[in-house]
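Please look over the sequence and the structure before reading on.

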Amino acid sequence: MSEVSVPFGNLKLNYLQNKTAIDQAIVEVLERGWFILGEAGRQFEEAFAGYCGASFGIGVGSGTEALHLALLASGVKPGDEVITVANTCVPTLSAISFAGAVPVLVDINPETYTMDPEAIEDRITSRTKVILPVHLYGQCADMDPICAIAHRHGLKVVEDCAQAHGARYLGRVAGTMGEAGCYSFYPSKNLGAYGDAGMVVTQSEDIRDIVKMARNYGEKRRYYHSIKGFNSRMDEMQAAILLARLPHLDEANERRRYIASRYNEAFEDLHILSRPLEAANRHHVYHLYVVQVPHRDDFQDHLRKKGVGTLIHYPIPIHRQESYAECRGQGIYLMRTDEQAEKIASLPLYPEMTDEQVDRVISAVVEWARYQT
Ligand SMILES: *Cc1c(COP(=O)(O)O)cnc(C)c1O
């Protein structure tokens with residue numbers, strides 16, 4: 001067998017494949033000499049909001065900031081409760097804490113790994129303000145029932161779309177189903193910058209106006225500050241890079257889906273491993289390809305020896321984190337989250353992978369499965 005290795009990701013390749021356009025975009029920003037809140041930012045806000053089918057896009061400094069400012073703009077005040085999930089990247093929670101709110105965690109659907117709508121209503125109290133579903137691993141949460149519950153209880157829905165650029169639910173793009181959709185353009189996301197960046201997309205003029213002020217010291221127009229704000233702006237260099245990369249997003253997502261279909265097919269008969277479920281009403285963009293396996297250390301070890309990198313997203317659910325000790329008591333509501341945290345593993349999946357590398361991953365996994373029986 002040839003000695004192709006498969007690192008978990010390779011961001012440099014992505015730049016090299018697109019080098020001319022990226023270099024030119026950066027040089028144009030340098031030559032304009034305008035670095036914050038300028039032409040590239042405006043263009044990218046319009047282009048990405050248009051891509052999502054949202055009325056407005058407001059560029060901010062990161063995905064965490066997109067969530068933070070969207071929560072504030074949704075009226076979240078200190079002491080209010082925000083319902084979300086425990087199997088997510090910690091920044092989802094950082095944003096809730098930044099807003100002074102209390103995170104209330106609900107369990108997941110074990111097949112899609114996303115928020116279980118049936119678990120929500122038991123956790124709603126008089127202090128609940130927002131439901132914050134995470135479109136994890138590239139697949140939307142079950143939005144229709146989630147939005148219906150929110151509507152019934154007078155709550156707002158803020159979507160964490162950091163892993164879901166281009167994902168759809170019944171034809172609607174992630175971020176357009178709740179009051180606000182929050183994107184991260186962290187370099188390894190499906191649409192990544194070469195630094196930090198994020199965006200809030202929304203149909204609401206009120207949310208747009210508040211996020212626009214909040215990202216820029218609360219300024220309504222120059223030197224007039226209507227609210228107490230922050231410094232959370234997307235810079236021109238990142239906006240120009242993202243603008244150059246956006247036209248390739250759908251093609252890159254298609255490549256991700258193709259690689260996922262190769263994995264799905266190859267692993268179909270391996271009963272020891274469970275494959276990710278693609279819900280019928282959703283368009284999955286495979287930010288991550290997550291399987292569940294027994295003896296996970298062994299699985300990772302075997303793949304490592306075959307040159308295949310794996311990671312775990314996420315090994316420690318929020319209520320088991322030191323920083324969120326306040327949530328520990330909520331563990332009783334999170335049995336499925338705890339159970340899957342022991343078994344999940346992410347395989348390499350990114351558009352720049354060669355077919356040979358895909359084959360390599362498949363043969364390493366199939367070989368491991370054979371040892372197990
Ligand atoms: C990456 C990520 C974030 C945070 O984005 P940053 O741009 O790194 O702040 C939030 N939520 C989820 C689910 C993420 O994957």
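The sections below cover the model, the ligand site, a helix and several single residues.

## Basis of the model

The model is predicted, so to speak of a local feature requires pLDDT of at least 70, and side-chain atom pairs count only at pLDDT 80 or more, whereas totals for chains, interfaces and linings use all residues. Residues are numbered from 1 along each chain as its sequence is written, and side-chain values use heavy atoms, with hydrogens and water left out.

## The ligand and its surroundings

The ligand sits in the largest pocket. A pocket is found on a 1 Å grid over the protein atoms alone, as an open set of points with protein on both sides within 12 Å along at least five of seven lines. A molecule sits in a pocket if more than half of its atoms lie within 2 Å of the pocket's grid points. Helix H4 (63–73) and helix H5 (90–98) are the elements that give two or more residues to the shell around the ligand. Helices here are DSSP runs (H or I, at least four residues), strands are DSSP runs too (E, at least two), and both are numbered from the N terminus.

There are 14 residues around the ligand, and Gly-63, Thr-64, Asp-160, Ser-184 and Lys-189 come nearest. To count as near, a residue must have a heavy atom within 4 Å of the molecule. Sorted by class, the shell holds 5 nonpolar, 7 polar and 2 charged residues. In this scheme Ala, Val, Leu, Ile, Met, Phe, Trp, Tyr, Cys and Pro are nonpolar, Asp, Glu, Lys and Arg are charged, and the others, Gly among them, are polar.

Which side chains have an N or O atom at 2.5 Å or 2.7 Å from an oxygen atom of the ligand? The side chain of Thr-64 has one at 2.5 Å, and the side chain of Lys-189 has one at 2.7 Å. A nitrogen atom of the ligand is 3.5 Å from an N or O atom in the side chain of Thr-92. A polar contact is a pair of N or O atoms within 3.5 Å; within protein, one atom must be able to donate a hydrogen and the other to accept it, and residues adjacent in sequence count only if both atoms are side-chain atoms.

Taken alone, the ligand exposes 380 Å², and the protein buries 92% of that. These accessible areas come from the Shrake-Rupley method with a 1.4 Å probe, and for residues only the protein chains shown count as cover.

## Helix H4

Helix H4 is mostly covered, with 9 of its 11 residues buried. Buried means under 20% relative accessible area, exposed means over 50%, and partly exposed lies in between (1.4 Å probe, protein chains only). The buried residues of H4 include Gly-63, Glu-65, Leu-67 and His-68.

After H4 comes Gly-75, with a positive phi near 95 degrees.

## Backbone features in loops

Tyr-137 is not a glycine, yet its phi is positive, about 65 degrees. This residue lies in the loop between strand S4 (128–131) and helix H6 (143–153). Is Tyr-137 buried or exposed? Tyr-137 counts as buried because its relative accessibility is 3%.

His-295 also has a positive phi without being a glycine, here about 50 degrees. His-295 is in the loop between strand S13 (289–292) and H10, and it counts as exposed because its relative accessibility is 54%. A cis peptide bond, with omega about 10 degrees, joins His-313 and Tyr-314. Tyr-314 belongs to the loop between helix H10 (296–305) and helix H11 (335–341).

## Other single residues

Thr-176 lies in the loop between strand S7 (172–173) and strand S8 (180–184). Its side chain reaches the backbone oxygen of Val-173 at 2.6 Å, and Thr-176 counts as buried at 16% relative accessibility.

His-283 is in strand S12 (residues 282–283) and is buried, with 16% relative accessibility. His-283 and Gly-171 are 112 residues apart in sequence and 7.9 Å apart in space, C-alpha to C-alpha. Ile-259, in helix H9 (residues 249–267), is buried with a relative accessible area of 0%.

Terms used: 1 Å grid on protein atoms, 1.4 Å probe; cavity = no way out; pocket = protein on both sides within 12 Å on 5 of 7 lines; lining within 4 Å.
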